[in-house]
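Thanks, everyone, for making the time this morning. I would like to walk through one model with you, beginning with a few individual residues and ending with the chain as a whole.

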Amino acid sequence: MMKKVLVMLEAKAGNVRGVSLEALTAAQRIAQGGEIIAVFFGSDAANYAEITGKYGASKLYVVENKALDTYTTDGYFQAMRQVMEATEPEGIFIPHTAIGKDLAPRLAARFGLGLVSDVTDVQLVVGDVVFTRPIYSGKAFEKKKVASGIPFATIRPNNIPAVESGSSIEVVPFEVEIKDLRTTVKEVVRKTTGGVDLSEAKVVIAGGRGVKSSEGFVPLQELADVLGGAVGASRGACDADYCDYSLQIGQTGKVVTPDLYIACGISGAIQHLAGMSNSKIIVAINKDPEAPIFQVADYGIVGDLFEVVPLLTEEFKKVLVNS
Ligand code: FAD
């Protein structure tokens, strides 16, 4: 049994990110009734106590410090180092987000820990913590055990279903000293998106070069709105300037694992598959019956996306309104 697991949480636009709750669930699995300590940074950290307790943490370290309102590697590293030294955890989980990917390796190097990154499953097998993670761009999975030191991992969004457990939580205000920051964030300019975060969306409607223009993305957005999903894209569509690069899915873009992925006018290049092939259900709409995307699709529709997508939107509207 693991006695103490530390989980770093993240919020976005005032809400705890789904992957934070998934990381808490991963911690529950290995803590087996031991103590789960959550930590939040920034000046609104105390707002998240209730939900953090609901998902299994027994303590929330609230690290309220203006210097941590926006992420910097230096600032978060100093803060997390002090939390780790104070709590002496026997396991650490961090979300595999832009922040987690940047921060975790630095902490691992500082503390001399082995880091298992981009973890999609965590199990306790005969007392050993066993991590599953994708390799070769998602074509295979490997299982890893930590041979020495404590288990330290980043958790990929949308893979470990978040499970509620527990209810009472102790809030621990924790002061950190942040000094000599080498970077300061002057301004954060956010792209306006449709609301649903692409990396955590349960439904993704992705468009490729077959969408043919930025206006071509409109029917995809309509379908996404009906299904409560997010719009994504292939690099082909981004390179052609039909949409912003923040939508790019694939080896050099975002990795998504939604319940439903609908690829519209995407050929299915290996670099694109690297970002979506672990989606639970894949639907492909393509004019070309030989398009490689059909090899990974659970359902294939050979046809013109400009006819098929509006039809799907209409049908989903009917079904969802009647249900
Ligand atoms: P295309 O390959 O041109 O396919 C368009 C498809 O649309 C075709 O299959 C066509 O039949 C279909 N189509 C056309 N009109 C219609 C219609 N009206 N209705 C239905 N179907 C239609 N790509 C990524 O996506 N993500 C990455 O992260 C990425 N990283 C890369 C990294 C490297 C180092 C390299 C070399 C490449 C990378 N690529 C990446 C690019 C990748 O190799 C492909 O070029 C790209 O994915 C192709 O995009 P596409 O499928 O939209 O375009």
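The side chain of S214 makes a polar contact with the side chain of E215, at 3.2 Å, and please keep in mind throughout that what we are looking at is a predicted model. S214 sits in the loop that runs between β13, residues 203-207, and α5, residues 218-227. With a relative accessible area of 38%, S214 is partly exposed, because that value falls between the 20% below which a residue counts as buried and the 50% above which it counts as exposed. If you look for A240, which is 26 residues away from S214 along the chain, you will find that the two C-alpha atoms are separated by 9.3 Å.

Staying with loops, let me turn to L198, which lies between β12, residues 170-173, and β13. Is L198 buried or exposed? Its relative accessible area is 7%, so L198 is buried, even though its place is in a loop. Setting aside the neighbours within four places in sequence, L198 is in contact with a set of residues that includes V204, A230, V231 and G232, and also L247, I249 and V256. I178, by contrast, is 20 residues from L198 along the chain, and the C-alpha atoms of this pair are 32 Å apart.

Buried residues make up 50% of the 323, and of the contacts with a separation of 6 or more, 64% are between residues 24 or more positions apart. The accessible surface comes to about 15600 Å², with 51% of it belonging to carbon and sulfur atoms. As for charge, the chain carries 32 positive and 38 negative charges, whose mean positions are 5 Å apart.

Conventions:
Residues numbered from 1 in each chain as written. Predicted model: local features only at pLDDT ≥ 70, side-chain atom pairs only at ≥ 80, totals over all residues. Heavy atoms only, no water. Buried < 20%, exposed > 50% of the residue type's maximum accessible area, 1.4 Å probe, protein only. Contact = heavy atoms within 4.5 Å. Areas by Shrake-Rupley, 256 points an atom, 1.4 Å probe, with all protein chains shown as cover. Lys, Arg positive; Asp, Glu negative; His and termini not counted. Charge placed at Lys NZ, Arg CZ, Asp CG, Glu CD. Helix = DSSP H or I, 4+ residues; strand = E, 2+ residues; numbered from the N terminus. Polar contact = N/O pair within 3.5 Å; in protein donor to acceptor, adjacent residues only side chain to side chain.
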